[in-house]
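Reader: I've got the model open on my screen. Can you walk me through it?

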Amino acid sequence: MLWPPPRRTKELVVALPTNVVSELSSLREKTERLGFISRSLIIFRVSKLVFFKREPNEGNLIKSILTYHLTPPYLRKYIPLRKELKFVGLLPPLRSPFHAVPKDIEGALKYGYRVGYLIKCIRNKAYLDVGLRKHAYVLTNKIRQRYRFPRMFPLKLINEDRVGIRAKIISERDIPFYWGYKIGRTYNSLRELLGDMKSYLKIATSRHGILITDIMNQIRDGLVNAKRILVLFGGPKEGLYDIARDEGFNLKDHVDFTINFIPKQGAKTVRTEEALLISLGIINIFISS
């Protein structure tokens, strides 16, 4: 197994409605469902997750739970346990490249990258909790002006000394392997989202779409040539065609492909999280090859 996994050369974005877990009656079920979705995004090296508003709008709940799930376990102690996080203990381990990190300093330095939580500033040093027996520190004279206190940052670990672990705050773009997905913005509508992502190859998933087996060559060529890819999913009670019709536009006029990724499905309905796992699995094969 190649670990850590390589970063994608293409941006892969997934779009979900803010009512994606609305048919579930309990917070426990919603939390478990979102954990499944989150792991699927990591498994297939998705770059970013964005949302478009649909009623009932549970966007804040979804983002709160996913933000907790994305936070490295050694830093979750800094997240206040609000009521919507009551069942986060049921979330599956993410085991992403920024979660599955060495627990000792020697191993951490060899791995090289880690997330740190800014805990204090003393003179020209900012100290960050990195889940090791020593804090990491960053040398800067403008740490208070540059960064809001407190915050989490990706770090490049340099070496250990008597002060702690010397590090450098970096951008995730500087990390040479896949780091995880980001939670992006929430659009007011599906139409607004599609209008903002005109430069993307847009793939809508639908049981009313063209069978993936009928357009294998076209979709492969489209994915190979695209630099940015957007994959859209409907909700539990309304598909993308229904949503577009409700918003007053024709879905086919605004996307490049509308695909049924599950030919001759054996179940009458396929849940969004199941469609997401299947669709991303097929797309991953095309991109990787």
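Predicted model: local features only at pLDDT ≥ 70, side-chain atom pairs only at ≥ 80, totals over all residues.

Author: Residues are numbered from 1 along each chain as its sequence is written, and side-chain values use heavy atoms, with hydrogens and water left out.

Reader: In what order do the 6 strands of the open sheet come?

Author: Strands here are DSSP runs (E, at least two residues; helices are H or I, at least four), numbered from the N terminus. Two of them pair if DSSP finds at least two bridges between them. The edge strands, each pairing on one side only, are β8 (182–187) and β11. With parallel pairing, the order is β8-β2-β1-β10-β9-β11.

Reader: Which residue of β10 stands opposite Val13?

Author: Strand β1 (residues 11–17) pairs with β2 in the parallel sense over 5 bridges, and there the bridge partner of Val13 is Lys48. Another 5 bridges join β1 to β10, also parallel. In β10, Val13 faces Leu230.

Reader: How many of the 7 residues of β1 are buried?

Author: Buried means under 20% relative accessible area, exposed over 50%, and partly exposed in between (1.4 Å probe, protein chains only). Strand β1 is largely enclosed by the rest of the structure, because the buried count is 6 of the 7.

Reader: Within what arc do the buried residues of α7 fall, seen down its axis?

Author: In helix α7 (residues 240–247), the buried ones are Leu240, Tyr241, Ile243 and Ala244. They line one face of the helix, so the arc, taken from the directions from the helix axis to the C-beta atoms, comes to 165 degrees.

Reader: And which exposed residues sit on the face of α7 turned away from that buried side?

Author: The buried residues of α7 pack against β2 (48–52), α5 (190–196), β9 (201–211), β10 (228–232) and β11 (257–260), where contact means heavy atoms within 4.5 Å. The face turned away carries Arg245 and Asp246.

Reader: How are α1 and α8 oriented to each other?

Author: Axes are lines fitted to C-alpha atoms, for helices over the stretch in contact, and angles run from 0 to 180 degrees between N-to-C directions. The axes of α1 (residues 27–43) and α8 (residues 272–288) come within 10 Å and cross at roughly 10 degrees. Angles under 35 degrees count as roughly parallel, over 145 as roughly antiparallel, 65 to 115 as roughly perpendicular and the rest as oblique. So α1 and α8 are roughly parallel.
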